[in-house]
Amino acid sequence: MKSERPIQLASSSPRRRELLRQIGVSFRVIGADLDETALQGESPLAYVSRLAQAKAQAGWERSRDSDGAPVLAADTAVVLDGRILGKPADMNDAIAMLLELSGRTHEVVTAVALRSSAGIESKVSRSAVTFRSIDPREARAYWETGEPCDKAGAYAIQGYAAIFIVDLQGSYSGVMGLPLFETAALLETAGVTCWQR
């Protein structure tokens, strides 16, 4: 079953599209490209919240949907020792990130924002992910799969990197990039129902 009222998704992420389909939400993708550079001294929580809200607002301003369909956006950060690990610049960067994450617990923070005619609302999901030890040869082999290229922290929980993950406390969908509990709650406030109605 799909929701009757469609939304607009301000994201090109195939994972976010997959997750919205999973909960039966109809959507169309719109562009909302922004400078994603963190501000000086900005905390990871403030960073993802700011970007998710800015993407939702940018999508709303660009689309001007005649039906007033709400705009959903999200942003995810992988955080280790208070430092944001973004998308890797190249193989060496990806391997370095994976070796930093090796044998340790890091945090994944995802903010989701919804812009509607009533304004903008957002929620945040925080999860703790523990990796087993990874050696440099394995990190390089993982890079060669192509999977880490465009992923925060150089890994995808739903892909090959699943074999690295010893423990997850929090939201699996949040680590993927769109926390479904928080997303459904925001959509409900805008009159958008998921599969259950």
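This is a predicted model: local features need pLDDT of at least 70, side-chain atom pairs count only at pLDDT 80 or more; totals for chains, interfaces and linings use all residues.
**View 1. The crossing of helices α3 and α4.** Helix α3 covers residues 91-101, and helix α4 covers residues 136-143. Their axes come within 9 Å and cross at roughly 130°. The crossing of α3 with α4 is right-handed.

**View 2. The residues in contact between α3 and α4.** On the α3 side are Met91, Ala94, Ile95, Leu98 and Leu99. They meet Pro136, Ala139, Arg140, Tyr142 and Trp143 of α4. By class, nine residues of this contact are nonpolar, one is charged and none is polar.

**View 3. The largest pocket.** Its volume is about 740 Å³. The lining has 35 residues, and the closest to the pocket centre are Ser13, Arg15, Arg16, Lys87 and Asp150.

**View 4. The lining of the largest pocket.** At least two lining residues come from each of α1 (14-22), α2 (44-63), β3 (71-80), β4 (83-85) and α5 (172-176). The largest share, five residues, belongs to β3. In the lining, 18 residues are nonpolar, eight are polar and nine are charged.

Methods
Residues are numbered from 1 along each chain as its sequence is written. Side-chain values use heavy atoms; hydrogens and water are left out. On a 1 Å grid over the protein atoms alone, a cavity is a set of points where a 1.4 Å probe fits but cannot get out, and a pocket is an open set with protein on both sides within 12 Å along at least five of seven lines; lining residues have an atom within 4 Å of a point. Grid points are joined across faces, edges and corners, and a volume is the space filled by probe spheres set on the points. Helices (H or I, at least four residues) and strands (E, at least two) are DSSP runs, numbered from the N terminus. Ala, Val, Leu, Ile, Met, Phe, Trp, Tyr, Cys and Pro count as nonpolar, Asp, Glu, Lys and Arg as charged, and the others, Gly among them, as polar. Axes are lines fitted to C-alpha atoms, for helices over the stretch in contact, and angles run from 0 to 180 degrees between N-to-C directions. A crossing is left-handed if the near helix is turned anticlockwise from the far one by less than a right angle, and right-handed if clockwise. Contact means heavy atoms within 4.5 Å.
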